[in-house]
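Let's take a walk through a protein chain and look at how some of its charged side chains pair up. Keep the 3D view open as you read.

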Amino acid sequence: MSARKRRTRALGPTLAILVAIVIVWWLVSELATDWLWFRNLDYASVFTTRWLTGVILFVGGGLLMGGVCAVSMVVAWRLRPTHAASLDSELLDQYRGTMSRRTRTVIVIPAVLLGIIAGAVSATNVDATLAFLHRTSFGERDPYFHMDVSFYVFTMPFLGFLLASVMAALILGTIMAALVHFVTGSLRAPTMRFNNQLFDPRNANVRKVSIRNAQRPPAQRQNLFGSAAQAHLSAMLGLIFVVYGLQRLLSRYAFAVSDNDALFTGIGFTDEHSRITARLIVAIISFICAAMFFVNAKLRMWRLPFTAIVLMIVTSLIIQGIYPAAVQRLSVRPNEPDKERPFIVNQIAATRDAYDISDASITDYAAKTSVSAGQLKSDAEALPGIRLVDPAIVAPTFEQLQQVRGYYSFPPVLDVDRYNLSGHSTDAVVAAREIDISKLPDQSWNNIHTVFTHGYGMVAAYGNRFQDSGEPDWIEGDIPPTGLLNEQEPRLYFGERETQYVVAGNVAGATPVELDTPGGSTTGGEQHTTYTGKGGVPIGNLLTRAMYATKFADLNLLLSGRVNAASQILYNRTPQERVEAIAPWLTVDQDPYPAVVDGRIVWIVDGYTTTQDYPNSQHVNYQDTISDSTSGWRSTSNTKQVNYIRNSVKAVVDAYDGTVKMYEWDPTDPIVQTWAKAYPHLLLPKQDISPDLLAHMRYPQDIFKVQRQILGRYHMTDPGSWYNQSDLWVVPADPRDKSGKSEPPYLLSIKWPGDNTALFSQTAVFVPNNRENMGAYMSVVADAASPDYGKMRVLRLSGSEQVPGPNQTYNAIVSDQQVANKLLPFVGQSGNATADALYGNLLTLPLGDGLIYVEPIYTQRKDTSGGSSAGSYPVMRFVVVRYGTHIGIGTTLQEALDSVFGGDAGVGNSQDQQSAANQGSSTQPAAQGEAAAKQALQDANAAFTAANTALRNGDLATYQSQLATAQQRVNDAINSMGG
């Protein structure tokens with residue numbers, strides 16, 4: 001053999017070995033880097049639990065598939081004829097010869113390949129397996145099969161996966177056995193006649209066979225099956241029908257979680273009276289077919305099993321297709337409300353329990369629409385807490401006034417939180433100042449991955465007041481941060497915009513390379529820092545560095561001098577990524593929010609336990625349900641169906657070192673109990689939450705959105721009303737959004753009718769279906785530190801007297817003449833506008849025995865060409881209030897309220913503010929004479945000035961106190977002159 005031929009022959013194996021080495025190295029790198037990441041977070045047990053479960057499933061699935069195929073092929077080979085006739089095909093004859101010489105290789109290779117594929121598929125069922133092994137009883141049974149809910153949530157999915165795996169193994173095992181029988185001559189292909197010729201599929205050519213020979217008596221013709229092949233394949237087919245029968249038995253329970261006839265999710269009349277029984281009958285027939293195949297293995301009479309199969313097909317078509325359709329069309333549809341009534345009752349109860357709305361308190365509310373002076377007297381305490389700053393409007397204002405440098409950024413929609421400042425809980429609009437790498441002027445590898453590694457500081461503004469200029473009144477801002485939040489560690493290495501990996505850390509004594517602040521050094525220039533946290537994986541050694549270079553397909557990790565012995569690689573840096581990686585069984589809220597807790601910035605992430613297998617509970621599309629006018633900037637592809645949800649976990653991600661703590665928020669939830677058993681020590685008890693952290697936890701938005709959609713229909717517990725949808729509530733479109741997306745829920749402090757104090761709450765409104773007047777007002781107490789946390793309440797408005805809805809109110813505001821007159825100096829005449837009017841969130845509050853709307857109006861400068869002017873940003877100009885059909889506008893909330901309520905909203909008569917007024921009054925005998933009068937008037941003037949300042953800041957309590965003081969000093973001046 002020539003050297004060239006030897007080299008050519010060696011090339012193939014060499015390339016195969018190299019490819020194998022690359023694949024193995026890639027797999028090892030992925031596995032090792034994942035383990036290092038979990039170990040760095042102290043969650044190595046999560047990784048090992050999932051990895052070992054996946055390995056067991058891979059091996060189990062592979063052995064099942066490979067074993068069944070291999071055994072089936074070996075049996076078929078051993079049952080081969082002693083003297084097999086030629087296959088009349090050169091290719092098949094060669095394959096038979098190869099199989100004779102290398103039997104083990106021919107059997108093992110396809111069995112192993114099929115086993116690997118099946119094992120990989122099985123390994124994707126880690127969560128279903130762990131949930132089944134650690135399942136927890138719900139303590140509730142469905143009304144039809146009387147099975148515990150845990151059977152549907154945990155057991156049924158696992159059994160379905162198990163039966164599907166066995167079925168796939170048997171089917172492929174039968175196919176592989178049939179191929180061996182065919183190659184060995186035990187199974188022959190039938191011949192087919194074409195124009196007095198016979199076509200033999202074993203040969204590509206049409207073979208001419210004499211018609212006389214083809215029409216020999218049946219006894220003289222060759223059988224398609226040898227006796228051994230017939231027995232073997234009959235047994236395999238019998239096993240397939242046994243498994244199919246078991247699948248049909250299990251599928252009966254699936255009706256409890258199926259969407260049937262589009263009326264509701266769960267068992268209905270047709271299901272109980274025909275479909276469930278039909279599945280049982282088909283299962284029995286399947287077992288009969290299996291028995292016929294087993295008998296055929298001995299008798300070798302194909303008519304028996306084939307007759308059973310025909311019977312099953314015909315029966316299935318009739319009892320699973322035609323009969324249920326007839327029952328539905330002829331019996332149920334004409335009498336649907338009556339036929340489905342008991343099933344609707346069960347479905348309503350299950351849905352309300354599954355979405356945790358069964359305890360929602362619904363109260364009829366005869367909302368007033370008329371106004372009178374002093375009408376808000378009893379609600380005066382709640383008014384100073386009304387949030388006037390719209391987090392969806394002021395993001396550009398934060399960008400312009402707090403961005404500092406172009407590479408910093410804030411989210412398009414800011415977050416609402418609350419802080420205890422000077423002894424009072426205050427609603428605040430907050431945002432973290434993060435790095436946006438798309439805005440870097442030089443996007444080199446070093447800049448992206450080693451220099452611009454972190455954001456800096458959190459910015460917060462009062463939610464209920466603003467500066468005289470209309471800009472936010474800052475609680476915390478600037479770099480370094482100054483204000484009231486006590487940010488002891490302002491650096492953010494982990495955040496919503498931190499999507500790229502970075503290399504941080506440096507050897508002792510080395511010059512820092514990470515940009516820390518754009519100013520603040522002794523020379524007034526940039527200041528740099530070195531990361532000292534533990535949020536990254538050490539990559540000081542070459543092997544680890546090489547594995548990460550493979551993981552990220554980035555050779556710079558091996559070549560860059562910035563990567564040294566003390567370097568760490570930080571990745572999976574968004575709060576969602578970290579929580580989802582540690583707890584993939586959770587559905588994570590799309591809106592993590594930052595908070596300063598004990599001097600550190602943390603991200604609070606809400607996690608939900610969900611399932612689509614709660615029996616008889618209504619399915620919803622999760623992504624469609626949580627989408628609204630403010631969520632479009634968040635990218636998510638979570639389109640799963642759910643019919644059960646609980647906020648069972650609250651996670652906290654440290655913005656500096658990336659540590660993740662997960663708290664078991666709802667320990668009564670059976671699903672979270674199951675995962676707590678699967679991953680011991682993963683979830684911390686709720687009692688470990690510090691008071692400072694608890695003060696910033698809130699009722700999350702996504703679950704509230706799901707619950708409000710369900711409550712829109714399932715507040716109707718009468719099956720007739722539910723069926724007729726006679727009192728259906730829908731979430732209105734956001735009046736400011738031209739795309740027609742839903743109005744978002746709003747976080748603000750409100751005083752519920754009958755309550756003594758205002759509570760931090762999440763609120764939403766409903767309108768009747770196909771109408772725009774107000775139908776209901778919904779809120780849930782959002783303050784996690786409150787004993788009333790999670791208390792859901794609804795005010796159902798009277799159907800006899802209409803209260804304007806959000807879109808009607810918005811239309812009335814933008815077309816109101818006094819509003820137009822106030823805006824005229826800013827927006828100018830038509831075609832000559834110098835600024836845009838931006839309408840803020842239209843808040844709805846239950847005040848004054850009715851519902852009051854409050855909407856801030858911002859203006860933003862435009863350039864002369866009509867576009868947005870560079871450097872312009874929204875500033876607050878006016879507050880509009882609507883009560884009933886009455887609209888008022890002012891530069892402050894107080895002005896707008898007084899404009900609506902006849903010049904006096906009654907705020908000054910509240911008990912607390914009257915007390916403050918009394919405290920501001922003089923308790924000494926009034927002095928007499930001209931000098932005393934002048935002094936009193938000077939004091940009154942100072943008090944009036946202080947009152948106006950407080951009014952501009954939205955501080956109504958101080959305003960009323962100073963106003964009372966001024967009035968008292970005016971009276972003193974009059975009295976001192978003998979008046």
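Start with R497, which counts as partly exposed at 28% relative accessibility. Bear in mind that what you're looking at is a predicted model. Which residue does the side chain of R497 meet in a salt bridge? It's D436, with 3.6 Å from N to O. D436 is buried, and its relative accessible area is 12%, which falls under the 20% cut-off for that label. Now find the two on the chain: D436 sits in the loop between β9 (434-435) and α14 (445-451), while R497 sits in the loop between β14 (491-492) and β15 (502-504). Because of where they sit, the pair ties together parts that are 61 residues apart in sequence.

Salt bridges can also share partners, and that's how E30, D34 and K551 end up joined into one network.

Why would side chains do this at all? Those of opposite charge can pair when their charged atoms come close.

Next, hop over to D417 and R418, another salt bridge, where the closest N and O atoms are 3.8 Å apart. Are these two residues buried or exposed? Both D417 and R418 are buried.

For a last stop, look at R796 and D364, whose side chains form a salt bridge at 2.9 Å, N to O. This one links distant parts of the chain: R796 belongs to strand β32 (residues 792-797) and D364 to strand β5 (residues 361-365), 432 residues apart. R796 is partly exposed at 26% relative accessibility, whereas D364 is exposed, with a relative accessible area of 58%.

And how many salt bridges are there in total? The count comes to 21.

Key: Residues numbered from 1 in each chain as written. Predicted model: local features only at pLDDT ≥ 70, side-chain atom pairs only at ≥ 80, totals over all residues. Heavy atoms only, no water. Salt bridge = Lys/Arg side-chain N within 4 Å of Asp/Glu carboxyl O. Helix = DSSP H or I, 4+ residues; strand = E, 2+ residues; numbered from the N terminus. Buried < 20%, exposed > 50% of the residue type's maximum accessible area, 1.4 Å probe, protein only.
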